[in-house]
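Morning, everyone. Please bring up the sequence and the structure, and we'll walk through them together.

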Amino acid sequence: MRTLGSRLFLVAATAAATFLVALPAHAAVPADCAPDAWEPDGDFGFSAGVAAPITIDGTVTRAVCQAPNPFPRTIAGQDFDFFRFTAAGGKAYTGEITAAGSALGLGVPGGLQIGGLYRVDADGSGTSINNVTMAGSFERFTTDVLTAGEYGFLTYTPDNQVYPGNILDIRTVSGAAGAYTVKVSASAVVVPVVASITLRSTSVKYGSTVTGTITMSGPAPEGGMFLFTDSSSRLTANPSSPYLPAGARSATFTVTTTTQRPSRDTQVTISAGTTTGVAKSVVLTVKR
């Protein structure tokens with residue numbers, strides 16, 4: 001899964017580094033998983049062609065089809081299911097697992113999880129986007145306000161299948177014990193926009209950092225929201241992208257400048273925005 005996120009791949013990388021074994025091919029999918037038209041075996045990259053359509057306020061029932069790895073404590077036992085929905089625009093969207101079979105550990109660490117929001121591109125591929133929060137739960141996500149278009153998300157079981165008691169479970173998950181239901185709903189949300197962006201200093205020497213503050217037009221909605229920052233020259237000055245918790249009206253961030261001495265003083269425009277509204281900017285001078 002190329003765009004799933006650092007957390008899932010960190011588990012995989014750690015497991016591979018710890019046990020130092022050659023990863024075998026995925027075991028055969030259990031017969032009682034079939035039929036699952038939306039899950040070609042071995043396809044872990046998002047594609048609208050393998051994403052089950054779900055209507056707003058509707059549900060879709062799927063099943064995890066997961067065979068154990070013949071080598072214990074390695075990373076081949078896993079499963080991804082993909083979904084897609086159409087956003088009308090101007091609303092926030094919630095995806096949640098409303099029911100799950102006994103083998104999926106709903107509500108406990110290591111159980112079935114939901115997340116990974118994508119914008120569906122014209123060719124059917126998915127571009128991972130950063131405007132979704134888990135809202136304190138791995139069984140539910142809430143987006144920022146989305147523009148009109150088609151979006152996708154995924155559900156998955158962790159590579160290492162850690163279930164209650166921190167036990168590594170490599171059993172087969174399939175059939176009724178692996179069935180679950182997903183629902184997508186929409187809500188009108190007033191999301192603030194960036195009112196201003198300031199820096200503690202607008203002139204710094206190369207190789208240093210400077211903190212800044214992003215002030216919003218109002219409080220962040222339930223679930224919080226991501227703020228997007230940019231730089232007119234990321235090779236000269238690169239800003240961090242802060243998260244605004246629910247109810248917060250401002251967030252701090254850090255701008256890191258290059259450690260390589262520039263040939264002259266350089267002005268860089270640092271901007272901040274959200275998925276809606278107009279971005280605000282400030283100019284930082286990086287001195288040689």
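Let's begin with strand β17, residues 228-231: T229 and S231 make up its covered face, F228 and D230 its uncovered one. Strands here are DSSP runs of E, at least two residues long, and helices are runs of H or I, at least four, all numbered from the N terminus. In a regular strand, side chains alternate between the two faces of the sheet. β17 pairs with β21, antiparallel, over four bridges. Pairing requires that DSSP finds at least two bridges between two strands. F228 has G273 of β21 as its bridge partner.

**What we are looking at**

This is a predicted model, in which local features need pLDDT of at least 70 and side-chain atom pairs count only at pLDDT 80 or more, while totals for chains, interfaces and linings use all residues. Residues are numbered from 1 along each chain as its sequence is written, and side-chain values use heavy atoms, with hydrogens and water left out.

How confident is the model? pLDDT is the predictor's confidence in each residue, from 0 to 100. The protein's mean is 76, and 69% of its residues reach 70 or more. Confidence is highest in β15, at 97, and lowest in helix α1, residues 6-19, at a mean of 32. Two stretches need a flag. Over residues 1-30, pLDDT stays under 50, and the model has 49 contacts beyond four places in sequence for them. Over residues 70-77, pLDDT also stays under 50, with 25 such contacts. A contact means heavy atoms within 4.5 Å.

Now the overall build. The protein has one helix and 22 strands. Of its 288 residues, 46% count as buried. Buried is under 20% relative accessible area, exposed is over 50%, and partly exposed is in between, with a 1.4 Å probe and protein chains only. Among contacts with a separation of 6 or more, 72% are between residues 24 or more positions apart.

**An open sheet**

Next, a sheet. Four strands form an open sheet in the order β13-β15-β20-β18, with antiparallel pairing. β13 and β18 (237-239) stand at the edges with a single partner strand each, so one side of each has no neighbour in the sheet. The twist averages 25° from one strand to the next. Axes are lines fitted to C-alpha atoms, for helices over the stretch in contact, and angles run from 0 to 180 degrees between N-to-C directions. β18 meets β20 over three antiparallel bridges. There, N238 has T256 of β20 as its bridge partner.

**The cores**

Which residues touch the most other members of the largest nonpolar core? They are I214, L244, V255, I270 and L284, out of 24 residues. β13 (194-199), β15 (209-216), β20 (250-257), β21 (266-273) and β22 (280-287) each supply at least two residues of this core. A nonpolar core is a set of buried Ala, Val, Leu, Ile, Met, Phe, Trp, Tyr and Cys residues, joined through side-chain atoms within 4.5 Å.

Take I214. Beyond four places in sequence, I214 touches several residues, among them V194, L227, P242, F253 and A272.

**Salt bridges**

There are four salt bridges, each a side-chain nitrogen of Lys or Arg within 4 Å of a carboxyl oxygen of Asp or Glu.

R62 and D81 meet at 3.5 Å, N to O. R62 lies in strand β2 (residues 59-63) and D81 in strand β3 (residues 79-87), so the pair ties together parts 19 residues apart in sequence. Buried or exposed, R62 and D81? Both are buried.

R84 pairs with E150, with the closest N and O atoms 3.0 Å apart. R84 is in β3 and E150 in strand β9 (residues 149-157), so this pair ties together parts 66 residues apart in sequence. E150 is partly exposed, at 30% relative accessible area.

D265 and K287 come to 3.3 Å between their closest N and O atoms. D265 sits in the loop between β20 and β21, K287 in strand β22, 22 residues apart. D265 is partly exposed at 35%, and K287 is partly exposed at 36%.

Last stop: R234, in the loop between β17 and β18. R234 is partly exposed, at 41% relative accessibility. Leaving aside neighbours within four places in sequence, R234 contacts T229 and P239.
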